[in-house]
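I opened the notebook to look up a few side chains and their surroundings. Here is what I found, entry by entry.

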Amino acid sequence: MRGEPSCPKCGGRVRAPGLFADSWQCDLHGTVHPLQPVIPPSVEALAVAVGRTRVPVWMLWPLPVGWLFTGVASAGDDRSGGRATAVACSGPSPLGGTGELLLVAEELGVGLGARYAGIPGPDPGPQICGGRPPNVKVLAAGRPTPLWHVAGSPDDRAVFAGEACGLWLWAIVWPEMSGLLLYDELVLTDLRDAGAEVDLLPCGALSPRLLG
């Protein structure tokens, strides 16, 4: 699963800072925060992402019965720190079968959430504006946080987005009908603030969604 950093917006190759640029560069998107290689899920891998990030690492916490942590991705480098995180987990869907949830926290313009959502990016922007009421609410770091359904994503998933802690929060669910999970007012915890109980986090196989 290891490899080279890539563009968080398109997955393409990026060039490291050098003589002609002091930032990571994508031929298509210019300056980007590099998406680090995804590695198999483990408590140790999660600790690395938590330790280097400048944005929340959102997780359903405690995990619902039967749900597993299935991987983490981050965009950024050692110099600037993580500017986006994506945490994957999976478990029983409300309508049967297995559901998958990806929670993305990111700064404006990073584009990782839009890539996983399958929509033009880099931000949800106008799609969650317009004065309409939110579709769902979650409790993020103890605060009621409205999320809006984001239109235009592929039919295999449901996408919600909003703002938490001054940053974008995306909740992307597969399959689409598993989006009903979001209507239960889920509790999200920033794992930077979690205690030693994270060491007992149940881990599953790496989610292929993180590699998409």
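Is Tyr183 buried, partly exposed or exposed? I find Tyr183 partly exposed, at a relative accessible area of 48%; buried means under 20%, exposed over 50% and partly exposed in between, with a 1.4 Å probe and protein chains only.

A note on the source: this is a predicted model, where local features need pLDDT of at least 70, side-chain atom pairs count only at pLDDT 80 or more, and totals for chains, interfaces and linings use all residues. Residues are numbered from 1 along each chain as its sequence is written, and side-chain values use heavy atoms, leaving out hydrogens and water.

Next I looked up aromatic pairs (Phe, Tyr and Trp rings, the six-membered one for Trp, with centres within 6.5 Å; planes under 30 degrees apart are stacked, over 60 edge-to-face, the rest tilted). The count comes to one aromatic pair. Phe160 and Tyr183 form it edge-to-face, 6.3 Å centre to centre with 85° between the planes. Phe160 sits in strand β10 and Tyr183 in the loop between β11 and β12, so the pair ties together parts 23 residues apart in sequence. Strands here are DSSP runs of E, at least two residues, and helices are runs of H or I, at least four, numbered from the N terminus. Phe160 is buried, at 2% relative accessible area.

Then I turned to Asp77, in strand β5 (residues 68-77). Asp77 touches Trp24, Pro34, Gln36 and Arg52, leaving aside residues up to four places away in sequence; contact means heavy atoms within 4.5 Å.

Last, I checked helix α1 (residues 43-52), where Arg52 is one of the buried residues. The cover over the buried residues of α1 includes β5 and β6.
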